[in-house]
Amino acid sequence: MQKFDELLANFSSDKKIRIGVVCANDEVTIQSVFNEKVREYLEPILIGDEEKISGILAQLGLSARIVSADTEEACAAIGVEMVHKKEIDFLMKGHIQTRTFLKAVVDREKGIATSALLSHVALNEIPSYHKLLLTTDGGMVTAPSKADKKILIQHGIEVMNKIGIKKPKVGLLAAAEKVNPKIASTIEAEEIMNELQAEAPDSCWIDGPISLDLSLSKEVAEIKHYDSPVAGDADIVVGPDITTMNVLGKSLTILAGAKMAGLIMGASVPIVMVSRGSTEEEKAYSIVVAMYCSKRG
């Protein structure tokens with residue numbers, strides 16, 4: 001699939017997907033849940049200031065279940081508790097501080113983290129690329145260790161599996177495709193590739209180190225005589241650090257006209273946590289990906 005609208009067109013579920021919006025106290029957040037692309041599939045549960053939320057719903061001519069909470073901390077705690085009770089299929093961060101929201105998610109006693117690491121995955125619709133591309137991690141893990149990168153890869157594979165890609169192609173990005181003893185990330189990429197090929201050969205095709213152009217361009221691969229199942233056909237690209245992937249992600253949206261959907265993985269449910277600068281469309285597409293990752297039937 002090349003476009004988010006194709007992803008949406010192929011979605012089906014026997015039941016409404018229950019989305020819990022933590023601190024749904026602002027109009028933009030509520031509008032994204034009722035976006036025409038996703039509203040027919042969702043059962044919104046709006047957590048927060050009941051008076052404010054009721055007023056916004058009335059103004060928009062909408063209705064939804066409201067769970068009253070007075071503070072940001074209470075909103076986050078209720079969202080997490082409802083996940084534990086299996087009353088919510090995925091969470092979305094509303095008008096709440098990220099730190100407060102994530103503190104409840106990773107709380108050792110009451111949280112919902114199931115992985116050793118929460119990570120940010122971004123699914124990108126790029127006009128010049130022939131399929132949706134997942135990039136990670138440009139938003140959460142600042143300087144991933146080798147063990148962290150294996151978790152990032154696993155989270156990326158999980159998302160791709162959910163949208164129908166059974167054996168995704170993973171590129172471990174570096175400045176070049178050859179191991180350079182002076183560049184630690186190239187050594188690490190080769191080690192990760194060899195380890196995953198030995199440990200879970202059926203989970204993915206993987207190549208590393210590999211440059212971005214080789215990952216995404218068959219023409220470049222042909223010119224360089226580079227033979228790899230990943231070359232020119234990557235489904236997932238994993239970078240050496242947050243700076244690399246943050247710059248790549250913003251370059252795709254700002255310079256290449258890409259559309260981006262973002263998710264936090266590593267909890268018992270997917271979490272939609274988009275940037276304040278995200279458009280309503282980007283929020284809607286993030287919800288679409290979360291729907292795939294959490295559907296019950």
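Glu191 counts as partly exposed, at 35% relative accessibility (buried means under 20% relative accessible area, exposed over 50%, partly exposed in between, with a 1.4 Å probe and protein chains only). The model is predicted: local features need pLDDT of at least 70, side-chain atom pairs count only at pLDDT 80 or more, and totals for chains, interfaces and linings use all residues. Residues are numbered from 1 along each chain as its sequence is written, and side-chain values use heavy atoms, with hydrogens and water left out.

Glu191 forms a salt bridge with Lys146, at 3.3 Å from N to O. A salt bridge is a side-chain nitrogen of Lys or Arg within 4 Å of a carboxyl oxygen of Asp or Glu. This pair links distant parts of the chain, with Lys146 in helix H6 (residues 146–162) and Glu191 in helix H7, 45 residues apart. Helices (H or I, at least four residues) and strands (E, at least two) are DSSP runs, numbered from the N terminus. Lys146 is partly exposed as well, with a relative accessible area of 23%.

Lys146 also meets Glu195, where the closest N and O atoms are 2.7 Å apart. Glu195 lies in H7 and Lys146 in H6, so the pair ties together parts 49 residues apart in sequence. Glu195 is partly exposed at 25% relative accessibility. A network of salt bridges links Lys146, Lys150, Glu191, Glu195 and Glu199.

A further salt bridge joins Glu188 and Lys149, with the closest N and O atoms 2.6 Å apart. Here too the pair links distant parts of the chain: Glu188 belongs to H7 and Lys149 to H6, 39 residues apart. Lys149 counts as buried, at 7% relative accessibility. The whole structure holds 13 salt bridges.

On a 1 Å grid over the protein atoms alone, a cavity is a set of points where a 1.4 Å probe fits but cannot get out; lining residues have an atom within 4 Å of a point. Strand S7 (169–173) and helix H7 (184–199) each give two or more residues to this lining. H7 gives the most, with three. By class, the lining has six nonpolar, two polar and one charged residues. Ala, Val, Leu, Ile, Met, Phe, Trp, Tyr, Cys and Pro count as nonpolar, Asp, Glu, Lys and Arg as charged, and the others, Gly among them, as polar.

The count comes to one cavity of 30 Å³ or more. About 70 Å³ of space lies in the largest cavity. A volume is the space filled by probe spheres set on the grid points, which are joined across faces, edges and corners.

Terms used:
On a 1 Å grid over the protein atoms alone, a cavity is a set of points where a 1.4 Å probe fits but cannot get out, and a pocket is an open set with protein on both sides within 12 Å along at least five of seven lines; lining residues have an atom within 4 Å of a point.
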